[in-house]
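Dear colleague,

I am passing the structure below on to you, together with some notes on what I found when going through it. Please read the notes with the coordinates open beside them.

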Amino acid sequence: MLLYLKQLQKEAPPTEHILVAIDHTAWGRRDAKTLKDRTHEYQRGSIVGQGYSTIAWIPEVQGSWALPLLHERISSGSSPILQAASQLKLVCEQSVNKRFSSFGC
């Protein structure tokens, strides 16, 4: 994340809006009986596994690629929205872009 944010500082002026995307992905681990902290995830129905939250920087208006800033497992004590909020706050705190760091942090 810190490497990408450093690059972001070079590419985006402090007054430019920055676009990020947040995604929750469920990874089914139905047969992994000894895997710690499996949860019920919802992806085309209920599955047993682990959830992951990703926050990514979308550097271009045109195009279809993104740079993942953080990709973390969602523990059973959290939720996708709480994990996403925590990740967004961390990215905001690390950013020197004034528009980005003032976004909801």
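A residue is called buried here when its relative accessible area is under 20% and exposed when that area is over 50%, with partly exposed lying in between. Please also keep in mind that this is a predicted model.

With that cut-off, Q83, which is found in helix 2, counts as buried because its relative accessibility is 13%. Setting aside residues up to four places away in sequence, Q83 touches S53, E72, R73, I74 and S78.

H71, which belongs to strand 4, has a relative accessibility of 48% and therefore counts as partly exposed. Once its neighbours within four places in sequence are left out, H71 is in contact with Y52, S53, T54 and Q87, and the side chains of H71 and T54 make a polar contact at 2.5 Å. Although M1 and H71 are separated by 70 residues in sequence, their C-alpha atoms are 9.6 Å apart in space.

In soluble globular proteins, nonpolar side chains tend to be buried together.

Definitions and conventions: Residues are numbered from 1 along each chain as its sequence is written. This is a predicted model: local features need pLDDT of at least 70, side-chain atom pairs count only at pLDDT 80 or more; totals for chains, interfaces and linings use all residues. Side-chain values use heavy atoms; hydrogens and water are left out. Helices (H or I, at least four residues) and strands (E, at least two) are DSSP runs, numbered from the N terminus. Buried means under 20% relative accessible area, exposed over 50%, partly exposed in between (1.4 Å probe, protein chains only). Contact means heavy atoms within 4.5 Å. A polar contact is a pair of N or O atoms within 3.5 Å; within protein, one must be able to donate a hydrogen and the other to accept it, and residues adjacent in sequence count only if both atoms are side-chain atoms.
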